[in-house]
Amino acid sequence: MVVGGFNSLVFLFLISGFFQFNVVYSYTRPPPGETTLTKHHKPDAFPEQVHIYQVGKDRMGDLGQTKWTESTLDHINKSNYHMLLLPGDLAYADFIQKRWDSFGRLVDPLASQRPWMVTQGNHEVEKMPLVHSEPFTAYNARWKMPYKESGSDSNLYYSFDVAGVHIIMLGSYADFDSKSEQYKWLEGDLKKVNRKNTPWLVVLIHAPWYNSNRAHQGEKESVYMKASMEDLLYHAHVDIILAGHVHAYERFTRVHKSKSDNCGPVHITIGDGGNHEGLANKYIEPKPKISLFREAKFGHGTLEVFNATHALWNWHQNDNHEAVVSDSVWLINLSSVMDKLNSELLLKNINIMKENERLRKIAQQLNQENQTLLIELKRKLSNDASNSNNNASNNPAST
Ligand SMILES: [Fe+2]
């Protein structure tokens with residue numbers, strides 16, 4: 001498949017709509033016509049180890065780039081990952097369209113080698129009353145994701161499978177109430193997930209639903225979207241929800257309705273890819289119990305899915321020469337946990353039923369014995385009464 005006239009594989013996505021592994025893609029960089037060939041190996045089956053990388057957010061402050069963005073991309077480039085996930089705020093173009101171009105050039109060395117799957121952030125909205133009323137014009141044109149393949153009607157939310165993981169990219173800046181198209185699509189998509197084929201269920205949003213940083217508190221994209229969709233994702237046993245927006249790193253325990261819950265998803269904010277606005281380094285004190293690790297440093301996260309039950313999450317801080325692992329946690333697949341819990345519950349119910357049956361039989365036996373004793377007692381009483389009458393007949397003088 002040869003596509004010319006585009007700057008990077010990112011734009012190849014744009015017109016192809018999907019990406020296939022084990023296929024050689026080529027593209028021509030204009031001018032002067034340099035061609036790059038890239039082969040991708042298909043990571044679609046266990047037990048192959050899969051790396052899913054996420055650059056939190058974002059990028060350069062102007063037509064150049066921040067040193068932290070460069071650092072993050074350099075560290076990622078040294079890794080043998082399969083796919084990069086980015087939860088919004090890509091280019092910080094903010095109406096200045098040439099920033100989209102410079103962002104494309106910045107990520108081209110990486111995005112030409114691996115699939116980059118993204119969702120939108122507030123810096124992609126680019127809507128201004130009386131000037132430009134249509135939101136996401138540049139984002140939808142430049143970063144077209146394979147949304148139609150997942151039955152979505154919008155580039156702002158879609159899903160796909162990769163190596164035992166069903167990944168759902170939600171739109172924090174698309175309608176998300178229970179009557180919205182996004183909500184209906186999400187409901188339908190979750191019903192189609194087969195946890196035998198894709199045991200892991202990962203969701204990306206932009207504005208975090210859980211956040212103990214002082215930045216971005218109380219925004220409707222966090223509060224109202226959480227209120228609308230949290231139950232839906234909880235009952236689907238989502239394993240991880242990754243967010244950006246806050247320029248820092250924070251990992252929560254499994255949570256639901258703002259409380260620790262072993263059946264809820266792990267929430268992680270990874271909005272620390274590098275940006276010109278700086279880090280969000282002020283936190284709410286004391287630290288909430290559900291927040292397990294938080295730090296305002298630039299970096300990126302990696303999710304290594306080893307098999308159907310175990311995955312390793314690492315958060316790498318940017319250091320001068322290498323990415324330093326600063327937070328690390330093994331995650332147990334929630335569907336396998338739920339299966340185990342259901343199996344245990346089923347076994348418990350079976351044991352209770354067996355015990356009930358045993359007690360019923362004992363009760364039945366006791367009842368039979370009681371009946372026998374009662375019959376025996378009646379017979380004895382009858383005999384005693386008969387004997388007493390006979391004795392009275394044989395000794396009339398005694399009266
Ligand atoms: Fe943002």
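The following questions and answers concern a predicted model of a single chain.

Reader: What is the average pLDDT of the chain, and which stretches have a pLDDT below 50?
Author: Of the residues, 81% score at least 70, and the chain averages a pLDDT of 82. Where pLDDT is low, the predicted coordinates should not be read in detail. That caution applies to two stretches with a pLDDT below 50, namely residues 1–19 and residues 26–51.

Reader: How many helices and strands are there in the chain?
Author: The chain has 399 residues, 40% of which count as buried. Its secondary structure comprises seven helices and 17 strands.

Reader: Which residues does valine 203 contact, leaving aside its neighbours within four places in sequence?
Author: Valine 203 belongs to the largest nonpolar core, which has 73 residues, and is listed with Met169, Val202, Ile241 and Leu242 among those with the most contacts inside it. In soluble globular proteins, nonpolar side chains tend to be buried together. Beyond its sequence neighbours, valine 203 is in contact with Ile168, Leu170, Leu233, Val238 and Ile241.

Reader: Are helices H5 and H6 roughly parallel or roughly antiparallel?
Author: The axes of H5 (residues 181–192) and H6 (residues 220–235) come within 11 Å and cross at roughly 10°. Angles under 35 degrees count as roughly parallel. Therefore the relation of H5 to H6 is roughly parallel.

Reader: How do the residues of the contact of H5 with H6 divide into nonpolar, polar and charged?
Author: H5 contributes Tyr183, Leu186, Glu187 and Leu190, while H6 contributes Ser228, Met229 and Leu232. By class, the residues of this contact are five nonpolar, one polar and one charged.

How values were computed:
Residues numbered from 1 in each chain as written. Predicted model: local features only at pLDDT ≥ 70, side-chain atom pairs only at ≥ 80, totals over all residues. Core = buried A, V, L, I, M, F, W, Y, C linked by C-beta atoms within 7 Å. Buried ≥ 20, exposed ≤ 12 C-beta atoms within 10 Å, placed from the backbone. Contact = placed C-beta atoms within 7 Å. Helix = DSSP H or I, 4+ residues; strand = E, 2+ residues; numbered from the N terminus. Axes fitted to C-alpha atoms, helices over the stretch in contact; angles between N-to-C directions. Parallel < 35°, antiparallel > 145°, perpendicular 65-115°, else oblique. Nonpolar A, V, L, I, M, F, W, Y, C, P; charged D, E, K, R; others polar. pLDDT = per-residue confidence, 0-100.
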